[in-house]
Amino acid sequence: MTLTDIIGLMGVACVLAGYFLLQIEKVRSDGLGYLLLNLCGASLLIVSLMVTFNLASFVIEICWLSISIFGLVKWVIKRRRGDQSLDG
């Protein structure tokens, strides 16, 4: 097993952990923990795909990463709006 295999497996673990935690209602789909697990998982999988490339897997991980970033941006905006409403 190579280092990139281990990195890829860590990515798989992150994505599956996030999905499992969502199913048992320990995280919310718009919560920071779930978003970060997906972001880390997709990033680690992309790293492993750089060595053992597979176009279909690469495309889905880029999409997964993009969706996670979108969710994080929404989370930050929502959080800032909440903080501003506390000030005003």
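Does Glu 25 count as buried or exposed, and at what relative accessibility? At 70% relative accessibility, Glu 25 counts as exposed, where exposed means over 50% relative accessible area, buried under 20% and partly exposed in between, with a 1.4 Å probe and protein chains only. The structure is a predicted model, in which local features need pLDDT of at least 70 and side-chain atom pairs count only at pLDDT 80 or more, while totals for chains, interfaces and linings use all residues. Residues are numbered from 1 along each chain as its sequence is written, and side-chain values use heavy atoms, with hydrogens and water left out.

Glu 25 lies in the loop between H1 and H2, just after H1. Its phi is positive, about 60°, although the residue is not a glycine. Most residues other than glycine have a negative phi.

Helix H1 covers residues 3-23 and helix H2 residues 32-51; helices are DSSP runs of H or I with at least four residues, numbered from the N terminus. The expected span of a helix is 1.5 Å times one less than its number of residues. For the 21 residues of H1 this gives 30 Å, in agreement with the 30 Å between its end C-alpha atoms. H2, with 20 residues, reaches 30 Å from its first C-alpha to its last, close to the expected 28 Å.

Two packed helices are described by the angle between their axes and the distance between the axes. H1 and H2 pack at about 155°, with axes 7 Å apart; axes are lines fitted to C-alpha atoms over the stretch in contact, and angles run from 0 to 180 degrees between N-to-C directions. The two helices are therefore roughly antiparallel, a term for angles over 145 degrees. By class, the contact of H1 with H2 has 17 nonpolar, seven polar and no charged residues. Nonpolar residues are Ala, Val, Leu, Ile, Met, Phe, Trp, Tyr, Cys and Pro, charged ones are Asp, Glu, Lys and Arg, and the others, Gly among them, are polar.

The buried residues of H1 are Thr 4, Ile 7, Gly 8, Gly 11, Cys 14, Val 15 and Gly 18. Seen down the helix axis, these fall within an arc of 110°, so they line one face of H1; the arc is that of the directions from the axis to the C-beta atoms. The face turned away from this side carries the exposed residues Leu 3, Leu 16 and Phe 20. Ile 7 has a relative accessible area of 19%. Its C-alpha is 9.4 Å from that of Gly 41, 34 residues away in sequence. Gly 41 is one of the buried residues of H2, which also include Tyr 34, Leu 35 and Asn 38.

Key:
Parallel < 35°, antiparallel > 145°, perpendicular 65-115°, else oblique.
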